[in-house]
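Please consider the following model together with its sequence.

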Amino acid sequence: MLPRTALESAGTTPFGVYVHVPFCRTRCGYCDFNTYTATELGAGVSQGGYADTLLHEVRLAADVLGGRVPEVSTVFFGGGTPTLLPAEHLGVVIAEIRERFGLAAGAEITTEANPETVTPGYFARLREVGFTRVSIGMQSAVPRVLEVLDRQHRPGRPEEAVAEARAAGFEHVNLDLIYGAPHETDADWQASLDAAVAAGPDHISAYALVVEEGTALARQVARGIVPPPDDDVLADRYVMADETLTAAGFEWYEVSNWATSEAGRCQHNELYWRDANWWGFGPGAHSHVGEIRWWNVKHPARYAALVESGASPAAGRETLDERARFTERVMLGVRLREGLSLDDLPESAETVTRQLAGWGLVEHPALSSGRIVLTQRGRLMADAVVRELLN
Ligand SMILES: C[S@@+](CC[C@H](N)C(=O)[O-])C[C@H]1O[C@@H](n2cnc3c(N)ncnc32)[C@H](O)[C@@H]1O
Ligand code: SF4
């Protein structure tokens, strides 16, 4: 159940859907996402039955929301590796979402895809079941870096996958890149950026490698086997990404995301960043409606047992008060190219924003027209800007 207050504004707030697929063939040493290899998974859950399991939660969501949300404007299958499942299984979930909630005209339907799991035929089937966008995990073009990251695809395969996706009719294709891996050089990173651009996607995400606690990478760093990413190196690599992508006709629209046009932006992520509503299906998925945020049990077997018995898979929930929602709006809004409206900040923030512009972190012209938009230097220090604004 959701409180009346959360549902009241739901009818006028865009609504998106996230579908988590918690399977991977092998685990990359840097990754702490909620995903399981066949040996980690244990009994009680199968990849073959997973789509049917998800349908239980889609129906539960429809009961809880009871027609009080608009038609779904974005669907995003993430993982894990959604493309380990047959495209038809993903299609069954899309069909249920359409049936229970309706899909808005022109809805964006994305799946993440590991390059080694897709073929021309698979992309064609993704199109047939309704996908409009694919996001391919490239990470790097350099063999040594792919090896350090434990990636399973051969160099060159992501670029081929972009061409296959285009040939299958995908207008929107993203490549994910990671910079700052152990032993990566500036020249390696430049080669990855150049290869990504040459592949012809309309969107590129570039993320600084984060050493997540509890991962194999964190253990290697702790034992001194590999060096931790260096902040100054990461900053230089970000500048390289921004300059290369801008020169190639991409425009940043969020600190880590660039697109060749407005139509190429990831509308699903924009929905998260703009404080809209979404339901996350699957183990460990997070949801947000109005002032309520909740998250599901993490293990796929526990998740399956709950939803198949008609119970909610939610493990916990929190009510965001005005202060928490304000903090999130500032944290996420300031990372966007459209920036943050000065109207969303208290008047006392004016002195700070002028100071931030003086330091070259915030664009002067945008500020004059009432918006806080980060300069390239500001994007390198986005967290510090957020701290100043919140203080
Ligand atoms: C969790 S993966 C899921 C999609 C797919 N399995 C793949 O690997 O491409 C989504 C993206 O998260 C990013 N990612 C995961 N762990 C990260 C980390 N520790 N630091 C930076 N980026 C990370 C990678 O760029 C990856 O493409
Ligand atoms: S990065 Fe992607 S492929 Fe690697 S373990 Fe994480 S979810 Fe799986």
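Which residue takes a positive phi just after α4? In this predicted model, that residue is G102, whose phi is about 80°.

Helix α4 covers residues 87-101, 15 residues in total. From its first C-alpha to its last it reaches 21 Å, close to the 21 Å expected at 1.5 Å a residue. Its buried residues are A87, L90, G91, V93, I94, E96, I97 and F101. These buried positions pack against both strands and helices: the strands are β1 (15-21), β2 (72-79), β3 (103-113) and β9 (277-281), and the helices are α3 (50-65) and α5 (120-128).

The aromatic rings form the next topic. Across the whole structure, a search finds eleven aromatic pairs. One of them joins Y272 and W278, with ring centres 4.6 Å apart; because their planes meet at 70°, and an angle over 60 degrees counts as edge-to-face, the pair is assigned to that class. The two partners fall into separate accessibility classes. Y272 has a relative accessible area of 21% and is partly exposed, whereas W278, at 13% relative accessibility, counts as buried, the limit being under 20%.

W279 and F281 provide a further pair. Their ring centres lie 6.1 Å apart, and their planes stand at 20°, so the pair is stacked; the angle required for that class is under 30 degrees. W279 counts as buried at 3% relative accessibility, and F281 is buried as well, with a relative accessible area of 1%. Ring pairs also bring in W294, linking W279, F281 and W294 into a cluster.

R127, in turn, lies over the face of F170, 5.2 Å from the ring centre.

The last stop is the surroundings of ligand 2. Which residues surround ligand 2? The shell is made up of C24, R27, C28, Y30, C31, G80, N114 and R151. Sorted by class, this shell around ligand 2 has four nonpolar, two polar and two charged residues.

Terms used. Residues are numbered from 1 along each chain as its sequence is written. Chains are lettered from A and ligands numbered from 1 in the order in which they are written. This is a predicted model: local features need pLDDT of at least 70, side-chain atom pairs count only at pLDDT 80 or more; totals for chains, interfaces and linings use all residues. Side-chain values use heavy atoms; hydrogens and water are left out. Rings of Phe, Tyr and Trp (its six-membered ring) pair if their centres lie within 6.5 Å; planes under 30 degrees apart count as stacked, over 60 as edge-to-face and the rest as tilted. Buried means under 20% relative accessible area, exposed over 50%, partly exposed in between (1.4 Å probe, protein chains only). A charge sits over a ring if NZ of Lys or CZ of Arg is within 6 Å of the ring centre and within 35 degrees of the ring normal. A residue is near a molecule or strand if one of its heavy atoms lies within 4 Å of it. Ala, Val, Leu, Ile, Met, Phe, Trp, Tyr, Cys and Pro count as nonpolar, Asp, Glu, Lys and Arg as charged, and the others, Gly among them, as polar. Helices (H or I, at least four residues) and strands (E, at least two) are DSSP runs, numbered from the N terminus. The expected span of a helix is 1.5 Å times one less than its number of residues. Contact means heavy atoms within 4.5 Å.
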